[in-house]
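Please consult the sequence and the coordinates alongside the text.

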Amino acid sequence: MKTIFKSIIAAIVLMPLCSCEDFLYEDPKGQLAQSTFFSTESDLDLALAAFNKQIAGRQARNEGQVHMWAGDDLSTHPASNKEDFRGFDCYNVSAGASRLRNFWSLTYKIIKAANYIINNAGKLNGIDARIDDRVKTSIAQAHYWRGFAYFQFLFCWGEVPLVLTDEMNYEEPLASKEEIMSQVISDLLKAEADLPEQWTGTPWSMNGMNINVSKGAATATLAYVYMCYAGWPYNKTEYYAQAAAKAKEVVDGCSEPGIGNGRYYYKLLDEYWKIHSREYNFQNPEVLLATYYKDDLEEAMSTYCDMIEDYQGGGWNDSGAEILFWKNFPDGPRKKATFPDSTLTQAYGLVPWWYDPKYDQDGHRAVCNPWYLAACEAEDAEFDWHLSISAQRSPMTGEKSHKTIRLSEVFCWYAEAVGRSGQVNDLAIKCLNAVRNRADGAETNIYSGITDPTALAEAAYNEHGWEIGGYMWGSLAPRYHDMFRMYRCKEHFEYRVRNEPIEVAVVDGVPVYRHELVPVTGTWSDSRLWAPYPADDAMLNPNLHR
C-alpha cells in the first residue's frame, strides 16, 4: 500500500490529460499543494480528470477484476503465460501473481483518488451556487466509485484496509467484511442522494446518455449490493426485500414499454447483438453505467485481446467459456450473439470450436473451448468468419465502451430479489419475460406460469448469468459474484475436479465429447474463496496476512 499511496499522487499530477503548472509545489518530487489546491474551479476539473483516468485504467483491463475467472462461465489456457488466470480458474491463487497485485493496485488507486475529492473538494463551497452544485455532484461520484471499489474487494479478499483519508499509514489494520460492506452501502447512499437523474452538457453526457454516474445507476447498484448482503457470507436475508425495493425504483422509472413510466431513458435494445455493436457504442439506452473511451486514451482497450491464438488475426488466449456453461446456454439469438457458430483456425479453416481431428489422440490443440463473440464489435448481427478478424474488431486502443450495469440486469435482480424474499408478482414476471423474449427473438413469455418464489428466483439467477456470461470488463455483477453470494463455488469446484466429458455435438450419428483442459485438483475449503494478499504489499504491511 505504501507504493500505491505514493503512485496515486504521481499519477494525478503527471497525467497527460492536463497541464500541471498550477497543480504543483515548486518541488521536483511533484507533490500536491495541499494547502492551496481546490481554490479555483479549474482545480476541481484537474482532480476529476485524474480521478476519471484511474477509473478508466481499471475498468479497461481484465486484470482489474481477475477474480472473475473463478466463475463457471470462464476458463483460460492450460499453459502459456496465463498462470494468474488459471489460479482463479482453479481456486488456487498465488500471492506472487502479478495480475492479483494489479487488481489490488488499480482498485486502491480509485479509492485514493476518490478520497482526495471527498475530503478536499468542499473547500470550493461558497464561491457561487453553480460551483457548489458541481462540488456536490463531484463528491457524490467519488463516493460512488469508492463504494464500487471496496465492493470489488469483498469478493476477492473480504478483509482489506479501509482507507478513507489522504494520510498514509503503512500499517493500516484490516477492516472486517461487515465494516467494508457498511462503508460500501454508506458511500452508495450518499452518491444516490446527490447525483442527478440526467446529466446535461459535455463531457458529462453524450447523445442523451449519461456519461457520469447518475442517480439511477447508484440506485441499481444499491439493489445488487443489498442482494449480496442478503447472501453468503453475511446472510442478512431481510435485505432481499430492500434489494427488490431499490431495483423496483429503476424498473418503475425505465422507458421499457408496458413496464416503466419513462422517468429514465433506460430501455432494452430490441435485439441482443446490438448491445456490443459499434452502432450503439456511444448511444446505448440499455446502459445505466459504462466507461467510455476515445482512441487517444491509452487505457481504451478493446476486448479483442481475449481472442484465441489459434484464430487467424492473433489474440492473447486469455479466456473462453467453460464447456458446460456453453452447453446449458439456451439456444436462440442471444446464444448466437454470444458464441460464434464456427471459428477460423490456421490449420483447418472454418470449423466448429470443438473441431480437431487430433484432439482425442494427443491433445493437439492447446485450447478447445467456446469463446465469446463480445470479444469483437461487429457492425451488424452477422460476424463473417471468412473475413479477417482484424477487419471486424476495434483496435486494442479503440473506443469500445465497457458496460458496468445494463437494464436487463436490473430486471433480473428485481425478479430474483422478489423471489428470494418469498414473493411472486406480475411485475417480476414481466421483467423476466422481457429479458427472455429478447433472448429468444420472440414473445415466448416462458415465465408467465411461475407461481413458486424459488422457481422465480432461480429463473432470474440463470437469466442474469446468460445475459452477462463471460463479460469481465468493469462489470458490477459478473457471474462469479452471483455464484459467490449464493455459495455455489464449492459445487462448481467439485464439478471441475471430476472433469467429466461433455457431449458437444453429434457427427454422423456419433457423439463428440470434450472436457476442460485446465485441471482442478484437491478438496474444497472455504479458504479457497479468499485470495492471498499480494506478496509485495504484505511485505510492507504486517497486517496483510491470514
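This is a predicted model: local features need pLDDT of at least 70, side-chain atom pairs count only at pLDDT 80 or more; totals for chains, interfaces and linings use all residues.

The model holds 40 aromatic pairs.

| Pair | Centre to centre | Angle between planes | Class |
|---|---|---|---|
| W232 and F484 | 5.3 Å | 70° | edge-to-face |
| W232 and Y487 | 5.2 Å | 40° | tilted |

W232 lies in the loop between α7 and α8, whereas F484 belongs to helix α15 (residues 479–485), and the two are 252 residues apart. Y487 is in the loop between α15 and α16, so its pair with W232 ties together parts that are 255 residues apart in sequence. With a relative accessibility of 18%, W232 falls under the 20% limit and therefore counts as buried. F484 is buried as well. Y487, at 30% relative accessibility, counts as partly exposed. W232, F484 and Y487 belong to one aromatic cluster, which also includes F151, F155, Y224, W413, Y480 and W530.

**Helices**

Helices α8 (residues 239–253) and α12 (residues 407–420) have axes that come within 8 Å and cross at roughly 145°. The crossing of α8 past α12 is left-handed. On α8 the contact involves Y240, A243, A244, A247, K248, V250 and V251; α12 contributes L407, V410, F411, Y414, A417, V418 and R420. By class, this contact has 12 nonpolar residues, 2 charged residues and no polar ones.

Helix α2 (residues 41–59) spans 27 Å from its first C-alpha to its last, close to the 27 Å expected for its 19 residues. Of those 19 residues, 15 are buried, and α2 is thus mostly covered.

Methods
Residues are numbered from 1 along each chain as its sequence is written. Side-chain values use heavy atoms; hydrogens and water are left out. Axes are lines fitted to C-alpha atoms, for helices over the stretch in contact, and angles run from 0 to 180 degrees between N-to-C directions. Helices (H or I, at least four residues) and strands (E, at least two) are DSSP runs, numbered from the N terminus. A crossing is left-handed if the near helix is turned anticlockwise from the far one by less than a right angle, and right-handed if clockwise. Contact means heavy atoms within 4.5 Å. Ala, Val, Leu, Ile, Met, Phe, Trp, Tyr, Cys and Pro count as nonpolar, Asp, Glu, Lys and Arg as charged, and the others, Gly among them, as polar. The expected span of a helix is 1.5 Å times one less than its number of residues. Buried means under 20% relative accessible area, exposed over 50%, partly exposed in between (1.4 Å probe, protein chains only). Rings of Phe, Tyr and Trp (its six-membered ring) pair if their centres lie within 6.5 Å; planes under 30 degrees apart count as stacked, over 60 as edge-to-face and the rest as tilted.
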